[in-house]
Each structure stands twice: as C-alpha cells, then as structure tokens.
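Open the model in your viewer and keep the selection panel at hand. The tour goes from stop to stop, with something to select at each.

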Amino acid sequence: DGLFNLATSLTSVNIPPGVTIIKSGTFSNTKLTSITISANITSIGDSAFQGTTLTSVIFEAGSKLTSIGNYAFLGATSLLSITIPASVITIGNSAFQQTSKMTSITFEAGSKLTSIKSSLFAGATSLTSVNIPPGVTSIGDYAFQGARSLTSIIIPATVTSIGQNAFLSVLALTSVTIPANVTSIGPYAFNTATALTSIIFEAGSKLTSIPSGMFLNATGFSSITIPPSVTSIASNAFQGATSLTDVYYLGTGLSLTYETPTSFFGATNVTIHNYEPYLTYIMTFIDGYIQYGPAALYVGLNIATFKSTEAAFDQAGVFLLGTGIYAIYREQPTISITADPLLLAYSISPSPTTTKVGMQNGDTLSQAISSTITTTVGGSLSSSGHYVIGDHSLTPSGAVGGLGYAFSYSSSTLTVSAK
C-alpha cells in the first residue's frame with residue numbers, strides 16, 4: 001500500500017498489463033496529470049489517487065473494474081470529468097469528494113452500481129448534472145453536499161432511501177422528483193437548496209414522513225404537494241422556507257400530524273390544504289370563498305348558488321356533510337342583455353346602447369363579456385339614407401363570455417318621429 005505516496009515528482013505512469021489491483025494510497029499526493037487504467041484492473045483501493053493533480057482518467061474498453069475504494073480520488077482538484085465503467089458495483093465513501101473542477105461524471109450504460117455512498121460528490125463544486133444509473137437503491141449521507149453548481153439530477157425509480165444532508169447547500173438545483181419507491185429520507189436532505197422551485201413526489205409514493213429540516217432554508221419554492229402515504233411532518237421540516245405559501249396534502253386529513261409551530265417556523269403565510277383539523281382547502285372566487293373544514297362546508301359571502309346532492313344554498317352559512325365524495329361547482333349563470341329603447345327625430349343617426357344584468361361573485365363586465373355587443377337596427381331607410389318615420393327593432397347580439405357565462409337577449413324599439 002502507498003507504493004508511490006508523496007512521490008511528488010511523479011507525473012506519469014504506465015501500469016503493467018499483469019496488474020489487477022491498484023492498492024490503497026498507491027499514487028496519493030503525486031503530480032500525476034493523466035492515467036489510463038487497463039481493462040484488467042478489478043479494484044482501485046482506498047485513497048489510491050487522493051490529492052493528485054490528475055486532469056484525466058481513462059478506463060480501457062472492456063474494463064473488469066468492480067470497485068473503487070473510499071477516498072480514491074478525494075481532493076483531486078484538477079480532475080475535469082470521468083466515465084465510470086459499467087462493471088463497477090461499488091464506489092466508496094468520499095471517492096470524489098472535493099474534486100472541485102469536475103463538471104461531469106458519466107456512468108456507462110448497463111451500470112451495475114448499487115449505491116451512491118456517503119459524501120461521494122461532496123464539495124464537487126463545479127458538477128452541473130448527474131444521471132444516477134438505474135439499479136442504485138440508496139443515496140448516502142452528504143452525498144452531494146456543497147455541489148453548488150448542480151442544476152439537475154435524475155433519481156432512478158430503484159432508489160429507496162436518501163440520506164441526511166444528501167443535497168445540503170446544493171444551491172443551483174431547481175427541481176427534484178422523489179421516486180415512488182423512496183421510503184425514507186434523512187434529516188436536512190435539501191437543507192439550504194435555495195434554488196428549488198419544483199418538488200414532485202411520484203404517484204404511489206411510499207414515503208411516510210417528512211423528516212426534520214428536510215427543506216430548512218430552502219427559500220425558492222412556493223408550494224408543495226405531500227403524498228397520502230405521509231403521516232407526519234417533523235420539526236423544522238420547512239423552517240425558513242420563506243416563499244412557501246401552500247402545502248397540499250393528498251391523504252386523509254386526520255392522518256397527518258406535525259409539530260406546531262416548528263415544522264413551518266419562519267414560513268409565515270402557509271396554508272395546509274385539505275387538512276381537516278386545521279381547516280383548509282380554500283378556493284377563492286373573486287371576493288367570495290369556500291372552506292372545507294372538519295365535516296362541514298363553509299360558504300363565504302358573495303357566493304353564487306352552490307349545490308350538493310342534498311341541498312342548495314346561496315348565502316353565507318354552514319352545510320354539514322356526510323361521508324362520501326363531493327364536487328363543488330358554480331352553476332352556469334346567465335347575463336341578460338337588453339337593448340335600450342330610443343326616441344329620435346328623423347335624420348338623427350341612432351347610437352344604440354344595452355343594459356346588462358346578472359353578473360355574480362363580484363365579476364365585472366370586462367371580465368364577464370370579452371367582446372363588443374352589436375345592436376342591429378331593423379326597418380327601412382329613406383332615399384336620403386335615414387331611418388323612416390315609425391318604429392324600428394333594436395336587436396342585440398355578439399356577446400362572448402370570459403368567465404363561462406351564458407347570454408340571453410331582449411329586443412327593444414327605436415321610434416323615429418318627424419322633425
């Protein structure tokens with residue numbers, strides 16, 4: 001072990017074809033700038049290339065490599081990229097920690113890797129994206145801590161656990177999808193992931209709890225949907241998530257518990273939707289509202305008629321619900337448009353107007369009608385192009401709805417008199 005450790009003048013090496021193992025510390029702290037690892041190498045030991053000046057590591061085609069040891073490339077700060085052979089089954093803790101110039105790591109198709117170990121890419125500050133290979137079942141503690149340039153990561157469906165602080169201070173990560181098979185996530189997993197704007201839990205999620213500090217100081221996202229499998233939110237889970245306003249819970253309200261107020265400490269405007277004990281599911285209709293609380297439907301002021309299978313109501317009040325599934329909807333309202341009657345002297349051109357009634361919920365005309373209403377004047381014109389003396393019909397038409405309104409029209413009369 002440590003055969004060439006601290007051989008600070010060593011800049012290149014040719015590994016004989018008969019060598020199958022690179023032992024622990026063999027080239028640590030040397031000035032190697034590049035190396036080609038033969039296909040016969042089956043194992044790279046702990047700290048084998050730790051602290052080197054390597055910029056390039058190439059594995060020969062048909063590599064038989066199965067393991068890369070702990071700290072193997074720790075602190076290889078000049079390493080720019082690496083492609084891991086498909087044959088590799090294990091990569092040890094901190095193997096690429098503090099490889100601060102590495103921008104990409106590629107896993108060959110058909111990779112046999114089973115886990116992302118603790119601190120594997122911690123401090124890899126230039127790493128921008130990682131596609132974790134299918135077959136990996138776990139992401140270890142601090143795996144990507146401080147990988148501050150990481151903007152995207154694909155977590156495969158095979159992953160079942162994500163360790164504590166796994167993505168701590170991954171400052172550029174904008175979105176993450178948690179696979180359905182993940183059953184456990186460690187505390188502070190996305191602590192200070194300040195650019196996160198999208199967090200998706202896949203349908204069928206098996207996750208049962210949101211751990212302590214999971215999104216501590218993750219200030220970028222405004223809403224999150226929590227799967228029905230989750231039954232608890234631990235302390236500090238969303239502490240300091242200052243942009244968070246809406247938490248949508250898809251399970252039965254009574255099954256969800258959280259530590260108040262510390263779970264959301266510092267997230268001062270949070271509404272937990274569809275969570276019965278804390279009375280939420282809020283839908284806003286202009287200046288009215290509906291709230292779904294414990295076994296009751298609360299109807300705010302200025303609400304149009306809302307109907308359930310048992311009753312209808314059109315003013316503020318409470319309607320108790322039984323068990324079952326309910327739909328809340330607004331029956332299509334109708335705006336009545338009536339032509340205003342006109343009385344004009346002969347030769348004066350008419351300028352028809354209309355009266356509109358029937359807007360609801362505080363809707364304005366500009367919201368409810370998105371087009372110009374046309375009023376058609378019936379009857380005959382004189383040879384000089386004026387409406388003849390007598391009665392003429394005024395017929396409105398052409399309204400287009402902006403909020404789903406229906407329209408009814410009523411005609412009126414233009415009466416032309418002699419001068």
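Which residue in E35 stands opposite His 392? Select His 392 and look across: Leu 414 is the residue opposite.

Before moving on, some ground rules. This is a predicted model, in which local features need pLDDT of at least 70, side-chain atom pairs count only at pLDDT 80 or more, and totals for chains, interfaces and linings use all residues. Residues are numbered from 1 along each chain as its sequence is written, and side-chain values use heavy atoms, with hydrogens and water left out.

**Stop 1: the strands around E33**

Select residues 390–397, strand E33. Strands here are DSSP runs of E, at least two residues, numbered from the N terminus. Two of them pair if DSSP finds at least two bridges between them. E33 runs antiparallel to strand E35 (residues 412–417), joined by 5 bridges. Thr 376 faces Thr 395 of E33.

**Stop 2: aromatic rings**

Next, show the aromatic side chains. The whole structure holds 11 aromatic pairs. Rings of Phe, Tyr and Trp (its six-membered ring) pair if their centres lie within 6.5 Å; planes under 30 degrees apart are stacked, over 60 edge-to-face, and the rest tilted.

Select Phe 121 and Phe 144. Their ring centres are 5.3 Å apart and their planes meet at 20°, so this pair is stacked. Phe 121 sits in the loop between strands E9 (115–116) and E10 (129–131), and Phe 144 in the loop between E11 (138–139) and E12 (152–154), so the pair ties together parts 23 residues apart in sequence. Phe 121 is buried (under 20% relative accessible area, with a 1.4 Å probe and protein chains only), at 0%. Phe 144 is buried at 0% too.

Move to Phe 190 and Phe 215. This pair is stacked, 5.7 Å centre to centre with 15° between the planes. Phe 190 is in the loop between E15 (184–185) and E16 (198–201); Phe 215 is in the loop between E17 (209–210) and E18 (223–226), 25 residues apart. Both are buried.

Then widen the view. One aromatic cluster includes Phe 27, Phe 121, Phe 144, Phe 190, Phe 215 and Phe 238.

**Stop 3: the nonpolar core**

A nonpolar core is a set of buried Ala, Val, Leu, Ile, Met, Phe, Trp, Tyr and Cys residues joined through side-chain atoms within 4.5 Å. The largest has 78 residues; Phe 96, Phe 144 and Phe 238 touch the most other members. Among the strands giving two or more residues are E2 (34–37), E14 (175–178) and E20 (246–249).

Finish on Phe 144. Beyond neighbours within four places in sequence, its contacts include Ile 116, Val 130, Leu 150 and Phe 167; contact means heavy atoms within 4.5 Å.

Terms used
Helix = DSSP H or I, 4+ residues; strand = E, 2+ residues; numbered from the N terminus. Buried < 20%, exposed > 50% of the residue type's maximum accessible area, 1.4 Å probe, protein only.
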